[in-house]
Amino acid sequence: MEIKEKIIEKIFLLIAFSSISILALIAFFIFEEGLPLIWKVGPEAFILGERWVPSQGSFGILPMIVGSFWVTTGALVLGVPLGLACAIFLCEWTPPLASMVLRPTIQLLAAIPSVIYGFWGLIVLVPLVRNYLGGPGMSILSGSFILGFMILPTIISISEDSLKALPPSYKVGALALGATHWQAIWRVMIPAARSGIVTSIILGMGRAIGETMAMIMILGNAVKIPTSFLDSARTLTTNIGIEMGYASGDHRQALFATGVILFFIIMILNSLAIFLSRRRVG
Amino acid sequence: MSQEKKIVIKNFNFYYNSVQALRDIDLDIQSNEIFTIFGPARSGKTTLLKSLNRLTDLIFGARHTGTILLDGMDIYDPELSLTQLRRRIGMVFDLPTPLPMSVFDNVAYGPKLSGITQKKRLVEIVEKALRSAVLWEEVKGRLHTSALRLSGGQQQRLCIARILALEPEVLLLDEPCSGLDPISTASIEETLRELKKEYTIILAPHNIQQASRVADRAGFFLNGELIETGPVFQVFTRPKDKRTEDYITGKFG
Amino acid sequence: MINRTRYLTQSIAKVLIWMAALSTIAVMILILFQILREGLPILHLRFFLDSPKNMGREGGIFSTIIGTFALTIVAIFFAAPLGVGTAIFLREYTRESQISRIIRFGTDCLAGVPSIIFGLFGFVFFVIFLNMGWSILSGGLTLAAMILPTIISTAEEAIKTIPYSYREVSYSLGGTKWQTVMRAILPNALPGIFTGIILSVGRSIGETAAVILTAGSSLMMPNSLFSPIRTMSVHFYILAREGISMEMAYGTGAALILLVLSINTVANWLLNRYIRHRV
């Protein structure tokens with residue numbers, strides 16, 4: 001009986017290690033495929049190289065890094081204020097009717113598959129940008145707009161949780177000292193909840209950097225460093241997604257190498273977010 | 001009344017991490033008696049009860065020194081089966097804790113755990129246990145309805161029946177009547193008097209009056225120490241220790 | 001003078017916040033409206049029952065529905081036991097310790113890995129290394145890895161809601177840890193666990209990047225776990241990007257939206273009922 005219990009406990013321990021094992025496997029295989037190419041081309045040449053021409057053996061991913069950077073920045077510029085505003089709305093300013101509409105809306109936004117977002121962006125947003133602002137339409141601007149809405153649910157839910165977790169005395173105390181409602185929110189509650197809000201932003205960033213399908217459909221396919229928001233571009237993710245279907249040999253390895261860089265960036269962001277949120281709770 | 005010692009507690013100290021909850025407890029419990037451990041809150045009564053069936057093992061940071069013997073055997077002996085021990089010493093908690101299943105399944109839970117699966121046998125066991133807990137008449141018509149629908153007093157007697165189904169030797173009751181109305185309390189106390197004939201019972205009462213109504217011998221606990229023991233009548237009317245007297249007369253609670 | 005500025009600021013802030021909330025709702029309506037308006041008229045019974053013909057220009061989406069279905073089932077089949085088992089371990093077999101911290105870190109990190117990375121991994125590990133080829137199995141296993149963190153966290157939440165007294169009662173009646181888990185805890189945590197599974201189903205259905213790289217994009221009906229298939233979301237993507245048929249794209253998109261939204265609505269309702277609804 002005792003032995004049976006011990007065995008069962010060991011089995012559960014093994015099962016529990018599945019998630020970290022999978023993570024390790026992912027890291028191992030991605031690195032195994034991608035690292036050799038990075039060494040071959042040279043890390044500096046790979047990360048800072050400006051030319052990506054697989055047919056000629058040029059594997060520089062700087063355009064993609066810049067593309068990812070700008071798209072993500074644009075998404076945050078849109079998503080953070082909008083998300084914070086909605087979080088405040090849900091937390092402080094809700095006539096019950098309004099939150100009954102906004103909350104399901106956010107849940108729906110979170111549930112919509114990225115290909116749908118991409119499609120809508122392609123059909124509606126891209127022509128708009130092309131006709132009114134110029135350029136090919138498939139641009140960083142369009143991508144940022146869509147991406148901003150895609151990361152909204154992440155930012156809203158975590159920020160709202162942080163605001164809700166504040167002791168009521170913060171707000172009540174501020175009001176008692178003569179602050180207006182808005183002043184209580186802006187000068188007391190938000191600063192108090194800032195670590196949670198920052199965590200939500202970091203997670204939103206991670207989500208934005210990792211988005212693939214919608215970006216493939218909206219950003220166009222330009223493999224050069226973008227110089228304006230109306231330019232087409234590629235991100236690290238779209239680089240992989242677009243070419244993986246027909247890449248082979250060194251080319252394919254270069255795509256895995258792109259994955260290695262992406263993996264690093266995401267791991268750093270994730271660890272930062274986990275670290276911040278543990279500090280907050282613990 | 002048998003003079004055998006059912007449970008012998010010797011030099012028992014108990015710690016939750018660095019906090020000492022029980023100090024040098026020396027206590028004998030005799031077979032077929034109702035022994036009541038009474039005292040103010042946080043004096044270690046629950047800890048002592050939970051030590052007897054090693055429910056304290058579930059608590060992280062729990063340590064002890066000293067021995068507890070059941071029929072002469074050390075309950076902390078690694079050779080001893082923990083599940084067996086807990087079937088021999090059953091516990092009823094202060095709040096009724098029916099599991100979210102039918103009355104029948106609640107009572108049959110313990111026997112099923114110990115491997116009894118024959119339907120006929122289970123039916124017999126359940127009926128016998130419910131009768132001993134003086135609950136059979138009230139529930140026999142609705143054995144398969146949810147136990148959560150019973151009244152507080154009935155649920156508590158259900159908890160007693162649950163243990164009786166395992167045919168234990170010792171019953172531990174930790175304030176079993178707190179939260180119950182006087183009628184339910186009276187019926188539980190009556191049940192205990194019936195059960196004494198077959199079982200050894202250790203009771204932490206809700207108040208002193210209950211202790212004097214039901215028990216044979218009593219032990220006064222204060223801040224983790226056992227201050228004095230003796231026959232119930234003697235402890236409550238002519239306590240040997242001043243602290244006991246102060247507590248009984250209400251000088252502190 | 002100062003007083004009036006404060007209240008002016010507040011009014012401006014209020015307006016901006018309302019605008020933010022309204023524009024969020026507006027965008028969502030725009031997105032859904034656009035696709036459903038063009039796509040709903042295309043949804044008729046034949047659309048669902050016929051398989052795609054002529055590269056998807058004609059016919060329906062039946063084989064992709066089967067593909068989506070099959071992939072999701074395989075994913076749940078592998079992820080559910082692993083996820084629930086992990087949750088049971090974390091809550092019943094261990095306290096907060098080095099081991100549990102490592103496991104949680106792994107789970108949280110896994111949750112943040114982008115789908116394209118899962119796609120690359122699934123491709124090199126399942127398709128190539130384990131030689132499963134582009135198949136339902138490869139895609140399903142990759143999806144299983146993606147939904148594992150979700151199942152672990154919802155299962156943990158579900159188990160957390162089980163009152164401690166159930167455990168105490170079960171142990172005090174002579175139950176072993178395994179018996180207590182199986183008879184007192186798990187049966188009562190099932191609704192919450194089920195909710196997590198449904199949430200994961202919703203996510204799997206919309207997943208595209210990882211699926212394309214591991215399950216392939218064949219339009220033919222699968223005949224085994226090793227057959228390649230195309231899911232609805234992949235079909236939608238290919239139709240739209242290759243410009244094959246806008247009409248079919250809209251139809252597939254509408255079907256996809258309806259499916260995902262209904263599953264998510266059910267899941268969120270369950271979530272509020274069984275998990276968030278705690279005193």
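## Where chains A and C meet

In this predicted model, 65 residues of chain A are in contact with 65 residues of chain C; contact here means that the C-beta atoms of two residues, placed from the backbone, lie within 7 Å. On the side of chain A that touches chain C, the most residues come from helix H2 (residues 18-41) of chain A, which gives 10. Helices are DSSP runs of H or I with at least four residues, numbered from the N terminus. That side of chain A is made up of 47 nonpolar, 15 polar and 3 charged residues. In this grouping, Ala, Val, Leu, Ile, Met, Phe, Trp, Tyr, Cys and Pro are nonpolar, Asp, Glu, Lys and Arg are charged, and the others, Gly among them, are polar.

Of the 2 pairs of chains that touch, A and C have the most contacts. Chains A and B, by contrast, have no contact, and their closest C-alpha atoms are 9 Å apart.

## How to read the model

Residues are numbered from 1 along each chain as its sequence is written, while chains are lettered from A and ligands numbered from 1 in the order in which they are written. Because this is a predicted model, local features need pLDDT of at least 70 and side-chain atom pairs count only at pLDDT 80 or more, whereas totals for chains, interfaces and linings use all residues.

## The two domains of chain C

Chain C is assigned domain 1 (2-42) and domain 2 (46-274), with bounds from an automatic or database domain assignment. Taken over C-alpha atoms, the centres of these two domains of chain C are 33 Å apart.

Now for helix H4 (residues 119-132) of chain B. Its buried residues are Ile125(B), Val126(B), Ala129(B), Leu130(B) and Ser132(B), where buried means that 20 or more other C-beta atoms lie within 10 Å of the residue's own, and exposed means 12 or fewer, with C-beta atoms placed from the backbone. They lie on the same side of H4(B) because they cover an arc of only 160° around the axis, an arc taken from the directions from the helix axis to the C-beta atoms. On the other side, Lys120(B) and Glu124(B) are exposed.

The buried residues of H4(B) pack against helices H3 (103-113), H5 (136-139), H6 (152-164) and H7 (182-195) of chain B. Just after H4(B), Val134(B) has a positive phi of about 55°.

Conventions
Helix = DSSP H or I, 4+ residues; strand = E, 2+ residues; numbered from the N terminus.
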